[in-house]
Amino acid sequence: MIVKIDCNKLFRKSLRRINFYSILKISKIIGCRSLLNSLSIEDLFICWNLDKINNNWISYKINTNKLFCEILDLSNKRSEVYGQRTKFILPKWSWLLRLMLSDLNIYICVSTRHICCNTRKLISLEKELLNKNWFTGLRIAQSELRKINKIILWDILYNNIKLSPILLWNINQIINCILSIQVPYNFLQNIGFRSIGCAPCTRAVNPNENSRAGRWWWESFRKFGPECGLHRT
C-alpha cells in the first residue's frame with residue numbers, strides 16, 4: 001500500500017541539501033522498502049546502509065540468463081548474507097524459448113535489442129515493482145540521459161515513487177565508502193566494467209569514457225546513450 005505524500009513540497013526543498021541519510025529517513029515515511037539491486041557498487045552501498053536502519057527491506061535481483069558468472073557468484077554470496085531479503089526475478093522459460101527460436105539478432109537495430117531486454121527483464125519485473133516505492137542506484141554522472149532524473153521522482157511507468165539517494169554523488173565517493181565499510185564487490189569493476197549488465201551487451205570502458213559507455217556500445221551513436229527501458233522518464 002502506497003502512503004500518499006505531497007511530492008511537490010519535497011521538491012521545493014533544495015535537492016542538494018537532502019543528504020543520503022535524509023532520503024533513507026524519507027523512505028521509511030513513504031513505505032519504500034524495495035531495492036532493485038544490479039550488484040553495482042552503487043546498489044551494494046545502498047543495500048548496506050538500508051540494512052542498518054530498516055529490517056523490512058527487500059533486494060530484487062534480475063537473472064536474465066545472460067549474466068556474467070562473476071555476477072552470479074556475487075549474487076549467491078549476497079543471498080547468504082541477507083537471506084530472505086534477496087529475491088531473484090527470472091523470466092519465464094517459455095518466453096526465453098520463444099526468444100531463442102526467433103533467432104533474434106540484438107545487434108541489428110535498437111528495436112530487436114529492446115525485445116530481448118523486455119523479455120529477459122522488464123516483463124517479470126513489472127509485477128514486482130508495480131505500485132511499490134523503490135530505490136535505485138542512479139547517478140547523474142553515469143550518462144547524459146540520467147541528468148534529467150531527480151532524487152525523488154514519481155515513476156509513471158510503475159505508478160510509484162522512485163528514490164535515487166546517491167544521484168548527485170560521484171564515483172570516487174562511492175568507491176571510498178565501499179572500501180571503508182569493506183563490502184565485497186564485483187572484481188570486474190576493477191578492470192573497466194563500471195556498469196555491468198548482460199554479458200553479450202557489456203564491455204569494459206576506457207578511462208575517458210562515462211560509466212555507461214560499455215552498455216549496448218554498438219548503439220553509442222545515439223545522442224543520450226542506450227537504455228533498456230527500465231528508467232524511462
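**Entry 1**

I began with β5 and β6 (residues 160-163), which pair in the antiparallel sense over four bridges. The model I am reading is a predicted one. In this pair of strands, I found isoleucine 152 opposite leucine 163 of β6. Four residues lie between the two strands of the hairpin, and asparagine 159 takes a positive phi near 55 degrees there. I noted for comparison that most residues other than glycine have a negative phi.

**Entry 1: the sheet as a whole**

I then asked in what order the strands of the sheet stand. Six strands form an open sheet, and the order is β3-β2-β1-β4-β6-β5, with mixed pairing. I recalled that strands of a sheet pair through backbone hydrogen bonds, either parallel or antiparallel.

Which strands stand at the edges? They are β3 (86-89) and β5 (152-155); each has a single partner strand, so one side of each is left without a neighbour in the sheet.

I looked next at β1 and β2, which pair in the parallel sense over three bridges. Serine 34 stands opposite isoleucine 58 of β2. On the sheet I found α4 packed, where it touches β2 and β3. The direction of α4 makes about 145 degrees with that of β3.

**Entry 2: the protein overall**

I counted the elements: the protein has seven helices and six strands. Along the sequence they follow the pattern α-α-β-α-β-α-β-α-α-β-β-β-α. The protein has 233 residues, of which 48% count as buried. I also looked up contacts between residues at least 6 apart in sequence, and 69% of these join residues at least 24 apart.

**Entry 3: aromatic pairs**

I recorded nine aromatic pairs, taking ring centres within 6.5 Å as the cut-off.

Tyrosine 107 is partly exposed, with a relative accessible area of 41%.

I also found an aromatic cluster formed by Phe20, Tyr21, Phe45 and Trp169.

**Entry 4: charges over a ring**

Which charged ends sit over the ring of tryptophan 216? I found that of arginine 113, at 4.2 Å from the ring centre. The charged end of arginine 215 sits over this ring too, 4.8 Å from the centre.

**Entry 5: positive phi values in loops**

I returned to backbone angles. Leucine 39, which is not a glycine, has a positive phi near 70 degrees. Leucine 39 lies in the loop between β1 (34-36) and α3 (41-53). With 4% relative accessibility, leucine 39 counts as buried.

Asparagine 131 likewise has a positive phi, of about 65 degrees, although it is not a glycine. I located asparagine 131 in the loop between α6 and β4 (134-135). At 38% relative accessibility, asparagine 131 counts as partly exposed.

**Entry 6: the ends of α7 and the segment after it**

At the start of α7, I saw a side-chain oxygen of asparagine 170 reach to within 3.0 Å of the backbone nitrogen of asparagine 172. Glutamine 182 follows α7, and its phi is positive, near 55 degrees.

In the segment after α7 I looked up glutamate 227. Is glutamate 227 buried or exposed? Its relative accessibility is 10%, and glutamate 227 therefore counts as buried. What does the side chain of glutamate 227 contact? I found a polar contact with the side chain of arginine 146, at 3.1 Å.

Terms used: Residues are numbered from 1 along each chain as its sequence is written. This is a predicted model: local features need pLDDT of at least 70, side-chain atom pairs count only at pLDDT 80 or more; totals for chains, interfaces and linings use all residues. Side-chain values use heavy atoms; hydrogens and water are left out. Rings of Phe, Tyr and Trp (its six-membered ring) pair if their centres lie within 6.5 Å; planes under 30 degrees apart count as stacked, over 60 as edge-to-face and the rest as tilted. Buried means under 20% relative accessible area, exposed over 50%, partly exposed in between (1.4 Å probe, protein chains only). A charge sits over a ring if NZ of Lys or CZ of Arg is within 6 Å of the ring centre and within 35 degrees of the ring normal. Two strands pair if DSSP finds at least two bridges between them. Contact means heavy atoms within 4.5 Å. Axes are lines fitted to C-alpha atoms, for helices over the stretch in contact, and angles run from 0 to 180 degrees between N-to-C directions. A polar contact is a pair of N or O atoms within 3.5 Å; within protein, one must be able to donate a hydrogen and the other to accept it, and residues adjacent in sequence count only if both atoms are side-chain atoms.
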